[in-house]
Amino acid sequence: MDLQPTISEGIVFLLYFSELPDKRQALKVRYPLEEVLLLCLVGMICDCNYINEIAWFGEKRLAFLRRFSRFAYGTPCEDQLGVILASLDVAAFQS
């Protein structure tokens, strides 16, 4: 199975959302917004419908996710994921 097109598409996704404003304090950011959004996208594609399922998916599939980005601190837990997603600028995300 050739994963090269998939990896390229993942990189395009990360670049697309790199311009999305992140309201979190930069020095306190452990999980980059692009990685969190990639985790959510891949989790939803793999039939995760809730934040707790996405967090579990990230924990179990970290090696796969690292094909697309560093995930230096792993993936956020359910509570952290909820806080990060709640901080998103909805209007900027929709545009």
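This is a predicted model: local features need pLDDT of at least 70, side-chain atom pairs count only at pLDDT 80 or more; totals for chains, interfaces and linings use all residues.
Visitor: Let's start with Glu 35. Is Glu 35 buried or exposed?

Guide: Glu 35 sits in helix H2, which runs over residues 33–45. The cut-off for buried is under 20% relative accessible area. Glu 35 comes in at 8%, so Glu 35 counts as buried.

Visitor: And which side chain does the side chain of Glu 35 make a polar contact with?

Guide: Setting aside neighbours within four places in sequence, Glu 35 touches Leu 14, Ser 69, Arg 70, Phe 71 and Ala 72. Among them, the one with a side-chain polar contact to the Glu 35 side chain, at 2.7 Å, is Ser 69.

Visitor: Let's look from the other end, then. Where does Ser 69 lie, and which residues is Ser 69 in contact with, leaving aside neighbours within four places in sequence?

Guide: Ser 69 belongs to the loop between H4 and H5. Its relative accessibility is 18%, so Ser 69 counts as buried too. Apart from neighbours within four places in sequence, the contacts of Ser 69 are Leu 14 and Glu 35.

Visitor: On to the helices. Are H2 and H5 roughly parallel or roughly perpendicular to each other?

Guide: Helix H5 spans residues 78–86, and its axis is 11 Å from that of H2, at an angle of about 110 degrees. Angles of 65 to 115 degrees count as roughly perpendicular. H2 and H5 are therefore roughly perpendicular.

Visitor: What about Thr 75: which residue has its backbone nitrogen 3.5 Å from a polar atom of the Thr 75 side chain?

Guide: Thr 75 is in the loop between helix H4 (62–65) and H5, and at 14% relative accessibility Thr 75 counts as buried. Beyond neighbours within four places in sequence, Thr 75 contacts Tyr 31, Leu 39, Ala 55, Gly 58, Glu 59, Leu 62 and Leu 65. The one whose backbone nitrogen lies 3.5 Å from a polar side-chain atom of Thr 75 is Glu 59.

Visitor: Now the backbone. What is the phi of Asp 47?

Guide: Most residues other than glycine have a negative phi. Asp 47, in the loop between H2 and H3, is exposed at 56% relative accessible area. Asp 47 isn't a glycine, yet its phi is positive, at about 75 degrees.

Visitor: And what is the relative accessible area of Phe 71?

Guide: Phe 71 is another non-glycine residue with a positive phi, in this case about 45 degrees. Its place is the loop between H4 and H5. Phe 71 is buried, and its relative accessible area is 2%.

Note on methods: Residues are numbered from 1 along each chain as its sequence is written. Side-chain values use heavy atoms; hydrogens and water are left out. Helices (H or I, at least four residues) and strands (E, at least two) are DSSP runs, numbered from the N terminus. Buried means under 20% relative accessible area, exposed over 50%, partly exposed in between (1.4 Å probe, protein chains only). Contact means heavy atoms within 4.5 Å. A polar contact is a pair of N or O atoms within 3.5 Å; within protein, one must be able to donate a hydrogen and the other to accept it, and residues adjacent in sequence count only if both atoms are side-chain atoms. Axes are lines fitted to C-alpha atoms, for helices over the stretch in contact, and angles run from 0 to 180 degrees between N-to-C directions. Angles under 35 degrees count as roughly parallel, over 145 as roughly antiparallel, 65 to 115 as roughly perpendicular and the rest as oblique.
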